[in-house]
Amino acid sequence: MDDVSLYLLSGILILLIGISAFFSGSETSMMAVNRYRLRHMANDGHKGATLTAGLLERTDRLLGLILLCNNIVNFYAASLGVVIAVRLMGNIGYGVGPVILTIIFLIFAEAAPKTVAAFYPERFAFPASYVLKPLAVICYPFVWTINRLANKFLALLHFNFEGAESTSLSREELRTTLAEAGKLLPARHLEMLLGILDLERVTVEDIMVPRNEITGIDIDDDLAENLNYISQSSHSRLPLYRESLDEIIGVIHVRRVMRLLKDPHEITREDLEQVAEEPHFVPLGMSLNAQLLNFQRAKKRLGFVVDEYGTIQGLATLDDILEEVVGEFTTDLQTHNVDIVEQDDGSFIIDGSATLREINRQLDWDLPASGPKTLNGLILERLETMPVPGTTLKLDNFTVEITQVTENAVKSARIKLLKS
């Protein structure tokens, strides 16, 4: 073999290594490309994305094609490499040639192209699809035969691939995807998207106004006082009941009553009952997602949360549910939320009725919220007794000092996050 032939064989070997690198990178890039971004780009008319999406519709055929072509190239390159090694080193080339070729292939035909393809899957996959698509048509009979035999073999081993092509995400996986894409989205939009996902796992119990904080009108109270209360109320809707909330009559829309107040001397208790809307009841434990749909269907803006015995436990409003998505309808949470007051030493005086969910969200804390819903409930659960002012306890990474108590509840507490 003369030098010209040796150079020619070496050139062919280098070309085969390059082709092998192409197929190795194509395999990695096709598997690493983001399927959701790929669909978006294909829907926008990107030609490379459209071809790639088409190839990925049958992953088994795509892998069969790449492996078929790559193995043919690798075997030809290995044979050619041994011939060149024997020509250059004699019989020792039979032993040394495969070792040298293995190192060359690992670096230039496997590790390097696959690393690049993994980091830049779209840049590699889209151009590669222009080559793989016609190859898929040309090699279809061979690929179909190989896949058929491979699938038969896997069936003997009891492998079941039904539904394996599904790329749907669970709720938690979607949360992770959104979190990873956080730099691509405005922080406010990201919070809203995560808030929507949370609607399914948060219940009305987490956001309701507890029964002892519900303000309303007792129909049997003095009518003049009731009308005065309605005219000065800051709420747009008020519960109307007889003696107690358990005897709920309905919900008064303040604006409707204000129309009647043009002639307050002619208003009677019967008028109040007539303008009251029928109460809407919400089962305790109802998810916010389901309740939002219920409000929409019933065309209601508030509902009374009842337990399994029909006893009213709280009040849930449409505004409270929407705030779980868009946040508070105020510009300065610290100014408007009187339940949480920051102190000069970095601690916070927090009202015992404040919900743990709201505390965690506003202060970016992680107080345990899987059990009791309010700070008062959490403290009483941990202490298992009614504390006195000055009592101090440790809740995970927080120190809690009881500042005020009533006969049956913790009125307020000073909480400070311990430095880790």
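Let me start with the largest nonpolar core, which has 31 residues; Leu13, Met30, Leu62 and Leu132 touch the most other members. A nonpolar core here is a set of buried Ala, Val, Leu, Ile, Met, Phe, Trp, Tyr and Cys residues joined through side-chain atoms within 4.5 Å. Buried means under 20% relative accessible area, exposed means over 50%, and partly exposed is in between, with a 1.4 Å probe and protein chains only.

Before going on, some notes on the source. This is a predicted model, in which local features need pLDDT of at least 70 and side-chain atom pairs count only at pLDDT 80 or more, while totals for chains, interfaces and linings use all residues. Residues are numbered from 1 along each chain as its sequence is written, and side-chain values use heavy atoms, with hydrogens and water left out.

Helix H4 gives the largest share, nine residues. Helices (H or I, at least four residues) and strands (E, at least two) are DSSP runs, numbered from the N terminus.

Take Met30. Leaving aside neighbours within four places in sequence, Met30 is in contact with Arg35, Thr52, Leu55, Leu56, Leu62, Ala125, Ser129 and Leu132. Contact means heavy atoms within 4.5 Å.

Five strands form an open sheet in the order E8-E9-E12-E11-E10, and the pairing is antiparallel. At the edges are E8 (340-342) and E10, each of which pairs on one side only. On average, neighbouring strands of this sheet are turned by 25° against each other, direction ignored. Two strands pair if DSSP finds at least two bridges between them. In general, strands of a sheet pair through backbone hydrogen bonds, either parallel or antiparallel. E10 and E11 pair over four bridges in the antiparallel sense, and Thr392 stands opposite Glu401 in E11.

Helix H18 lies across E9 (348-351), E10, E11 and E12 (410-417), and runs at about 85° to E12. For such angles, axes are lines fitted to C-alpha atoms, for helices over the stretch in contact, and angles run from 0 to 180 degrees between N-to-C directions.

Now the rings. How many aromatic pairs does the structure hold? There are four. Phe22 and Phe23 make an edge-to-face pair, because their ring centres are 5.2 Å apart and their planes are at 65°. Rings of Phe, Tyr and Trp (its six-membered ring) pair if their centres lie within 6.5 Å; planes under 30 degrees apart count as stacked, over 60 as edge-to-face and the rest as tilted. Phe22 is partly exposed at 22% relative accessibility, whereas Phe23 is buried at 5%.

The pair of Trp365 and Phe398 is tilted, because the centres are 4.9 Å apart and the planes are at 50°. This pair links distant parts of the chain, 33 residues apart: Trp365 is in the loop between H17 and H18, and Phe398 is in strand E11. Both Trp365 and Phe398 are buried. Together with Phe348 they form one aromatic cluster.

Last, two backbone angles. Most residues other than glycine have a negative phi. Asp364 has a positive phi, near 60°, and lies in the loop between H17 (356-363) and H18 (375-383). Asp396 also has a positive phi, about 55°, and is found in the loop between E10 (392-395) and E11 (398-405).
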